[in-house]
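Hi,

Here is the structure I said I would pass on. Have a look at it first, and then read on for what turned up.

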Amino acid sequence: MAVNELREIADYITKLKRGIAALRAQELTRDRIPMAHDELGSVVAATASATNRIMESAEAMLAIKAKTLDEYRNQVEAHIGDIFEACTFQDITGQRISKVVEALGQLEKRLSQFSTVVNVRDGEAEHDPEEARRKARAEKLMLNGPQLKGPATPQDAIDALFS
């Protein structure tokens, strides 16, 4: 091997080390990813709690047995107040989701910088049987979730299925 080739290899290794250091992988796995997990868990819990409170209040309003219109109105207003209070979850969950989006943005930025530094291109992925099973199940059961820009299937087509 020529000295120039060894220098190129040494330079590449140095560049690779800097790229790996810039990933700050320990910070990602120690702080950002667990934080994102916790925040999303809190969003799920807050959403479920708010939904339950709203449903309970709506059901209670349907069951009101008042003797006068004023009594009925007072009970309905109390339940509506509970519903409004339950809807405040949206502000907190929006803040939590913003933190997760920021963490994912940092991860994406670092991975992009790293792949540029080391000049990595996507290659053939190693076969992951668990991922293949999840993908096949999602396709079979059509578990694709809501589309980002609205439903992929027009509402008329969905309605036609049920008629």
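On one side of helix α3, Asp-70, Arg-73, Asn-74 and Phe-84 are exposed (exposed means over 50% relative accessible area, buried under 20% and partly exposed in between, with a 1.4 Å probe and protein chains only). The buried residues of α3 are Val-76, His-79, Ile-83 and Ala-86. These four cover an arc of only 70 degrees around the axis, which puts them on the same side of α3 (the arc is taken from the directions that run from the helix axis to the C-beta atoms). As a general point, an α-helix has 3.6 residues a turn, so residues three or four places apart point the same way. What do the buried residues of α3 pack against? They pack against α2 (25-62) and α4 (89-117), where a contact means heavy atoms within 4.5 Å.

Helix α3 has 18 residues (69-86), and at 1.5 Å a residue it should span 26 Å, which agrees with the 26 Å between its end C-alpha atoms. The expected span here is 1.5 Å times one less than the number of residues.

Before going further, a word on what you are looking at. This is a predicted model, in which local features need pLDDT of at least 70 and side-chain atom pairs count only at pLDDT 80 or more, while totals for chains, interfaces and linings use all residues. Residues are numbered from 1 along each chain as its sequence is written, and side-chain values use heavy atoms, with hydrogens and water left out.

Now the overall picture. The chain has 6 helices and 0 strands, and its pattern along the sequence reads α-α-α-α-α-α. Helices (H or I, at least four residues) and strands (E, at least two) are DSSP runs, numbered from the N terminus. Of the 163 residues in the chain, 14% are buried. The chain exposes about 13,500 Å², and carbon and sulfur atoms supply 58% of that area (areas come from the Shrake-Rupley method with a 1.4 Å probe, and for residues only the protein chains shown count as cover). If you take the contacts between residues at least 6 apart in sequence, 73% join residues at least 24 apart.

Next, the charged pairs. Side chains of opposite charge can pair when their charged atoms come close. How many salt bridges does the structure hold? There are 7, each being a side-chain nitrogen of Lys or Arg within 4 Å of a carboxyl oxygen of Asp or Glu.

One of them joins Glu-39 and Arg-96, with the closest N and O atoms 2.7 Å apart. Glu-39 lies in helix α2 and Arg-96 in helix α4, so this pair ties together parts that are 57 residues apart in sequence. Glu-39 also forms a salt bridge with Lys-99, where the closest N and O atoms are 3.3 Å apart. That pair again links distant parts of the chain, with Glu-39 in helix α2 and Lys-99 in helix α4, 60 residues apart. Is Glu-39 buried or exposed? At 9% relative accessibility, Glu-39 counts as buried, whereas Arg-96 is partly exposed at 27% and Lys-99 is partly exposed at 43%.

Another salt bridge runs between Glu-130 and Arg-134, with the closest N and O atoms 3.6 Å apart. Glu-130 and Arg-134 are 4 residues apart in helix α5 (residues 129-141), which means that about one helical turn separates them. Both ends are partly exposed: Glu-130 at 37% and Arg-134 at 48%.

Thr-93, in helix α4, is buried, with a relative accessible area of 6%. A polar atom of its side chain lies 3.1 Å from the backbone oxygen of Gln-90. Leaving aside residues up to four places away in sequence, Thr-93 touches Val-43, Ala-46 and Thr-47.

Val-117, also in helix α4, is partly exposed at 28% relative accessibility. With residues up to four places away in sequence left out, Val-117 touches Lys-15 and Gly-19. The C-alpha atoms of Val-117 and Gly-19 are separated by 6.0 Å, although these residues are 98 apart along the chain.

Best wishes

Terms used:
A polar contact is a pair of N or O atoms within 3.5 Å; within protein, one must be able to donate a hydrogen and the other to accept it, and residues adjacent in sequence count only if both atoms are side-chain atoms.
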